[in-house]
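Here are some friendly notes to read beside the model.

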Amino acid sequence: MEIKMIKGHGSGNDFLLIDEITHGYTFTELERAELAKLLCDRESKLGADGILFVIKSERADGRMRVFNADGSEASMCGNGLRIVARYLCELLGKNEAFVETMKADLKVSKQPELFSQVHTYQVEISPVLFDLKALPLKLNKPTLYNEKIYELSDDLRFTALAVPNPHLITMVDVETLQSDIQQKLSEKVNGPNELFPDGVNVSFVNQLGKGSIYVKTFERGVGFTNACGTAMSASSLVTCMQGLNEFESVIDVYNNGGKVQCVVHQLDKEFQIDLIGNATYLFNADVSIDLKAGTFEVTAQNEYTEQIAYEKLQSEVQQFIIDNMKG
Ligand SMILES: N[C@@H](CCC[C@H](N)C(=O)O)C(=O)O
């Protein structure tokens, strides 16, 4: 099969976007999973954290399906949704749109540039669910808020939530961040285990100062990524609940691939989060794929120049993290 795609990233969390609306592609479920495994392989010519399939929607401006690099499908992807937001807004000539995702139709909109010459989009992160059944997390209690899970650690306190993909969040110091604790723990809960039968995205969070945090995430179906949009949103919410940051205020969220902003809204009994950040295109490509043989060839590739502007902010951001990380 011949497929046209765009490679882009949100905070260095990179994706291949395949537009089924314009190109009229149709894939079986197996093909979607196989495409993700083949094209996202970091040893190959493309490589990515996942594939974003942009599909026609009956009720919204478009529909997003996201497949992780291991071929599993996720219910949501915050960084990926910003790329889809940009793609759909530019395709439809709009500044805002609604995107159908697995569990909700979400509002997305073009925003003033967060950094000079960096395309910036805001996406809605909701619903937010604390019921452990929503992850699922098999513990004998309805919710887990800032509590220990002794099967995982004697010291760390975790909060579990679904936004609506599953997240496990813990606040840590620099020493813990730099240790191998996150990797070991994440591999355990993302392998065969009794606590998280479907796996979970695991984030270690350091409070850099009032209104700014650093988040490092081991993603289900991928491993460590530069950033995870839903994880940064969930982490922002957890810091507000712990009184470290404020609801309805901008939180700067630093990550290994850049920086985003989150605003956490407390609505009656629900939470909703705005995730604002870059949607940067790297290149577009024509790819010839033989799924049976498990091979592909990039037959044409055109680079975008916008990564140059993005890289300028990257060095500033990384220096800020080094200077402000708390012990
Ligand atoms: N990187 C994404 C999340 C992608 C899905 C996740 N790995 C899962 O399986 O839940 C984001 O930016 O939110």
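1. A term to begin with: a nonpolar core is a set of buried Ala, Val, Leu, Ile, Met, Phe, Trp, Tyr and Cys residues joined through C-beta atoms within 7 Å. Please also keep in mind that this is a predicted model.

2. With that term in hand, look at the largest nonpolar core, which has 87 residues. The members that touch the most others are L17, L39, I51, L52, V84 and A85. Among the elements, α3 gives the most to this core, with seven residues. Both domain 1 (2-124 + 278-317) and domain 2 (132-276) supply at least three residues each. As background, nonpolar side chains tend to be buried together in soluble globular proteins.

3. Which residues is L39 in contact with, leaving aside its neighbours within four places in sequence? They are L16, S44, L46, A48, I51 and F296. Of these, I51 is also listed with L39 among the core residues that touch the most other members.

4. Now step back to the division of the chain. Domain 1 is made of two stretches, 2-124 and 278-317, while domain 2 runs over 132-276. Taken over C-alpha atoms, the centres of the two domains are 23 Å apart. Their contact takes 27 residues from domain 1 and 25 residues from domain 2.

5. Which elements build the side of domain 1 that touches domain 2? At least two residues each come from α3 (78-92), β8 (120-125) and α7 (307-324). The biggest contributor is β8, with four residues. By type, this side of domain 1 holds eight nonpolar, 15 polar and four charged residues.

6. The ligand comes next. It has 17 residues around it, and the closest are A74, N79, N165, G229 and T230. Two or more residues of this shell come from each of β4 (62-68), α3 and α6 (229-241). The largest share, three residues, belongs to α3. By type, the shell has five nonpolar, 10 polar and two charged residues.

7. A few backbone details deserve a look. For context, most residues other than glycine have a negative phi, and most peptide bonds are trans. The bond joining S126 and P127 is cis, with omega about 0 degrees, and P127 sits in the loop between β8 and β9 (158-162). The bond from L135 to P136 is cis too, with omega near -10 degrees; P136 is in the loop between β8 and β9.

8. Finally, compare two residues with positive phi. S11 has phi near 55 degrees and is placed in the loop between β1 (2-10) and β2 (13-19). D268 has phi near 50 degrees and is placed in the loop between β15 (258-267) and β16 (270-278). Is S11 buried or exposed? S11 counts as buried because it has 29 C-beta neighbours inside 10 Å. D268 has 5 such neighbours inside 10 Å, so D268 counts as exposed.

Technical notes:
Residues numbered from 1 in each chain as written. Predicted model: local features only at pLDDT ≥ 70, side-chain atom pairs only at ≥ 80, totals over all residues. Domains from an automatic or database assignment. Contact = placed C-beta atoms within 7 Å. Nonpolar A, V, L, I, M, F, W, Y, C, P; charged D, E, K, R; others polar. Near = placed C-beta within 6 Å. Buried ≥ 20, exposed ≤ 12 C-beta atoms within 10 Å, placed from the backbone.
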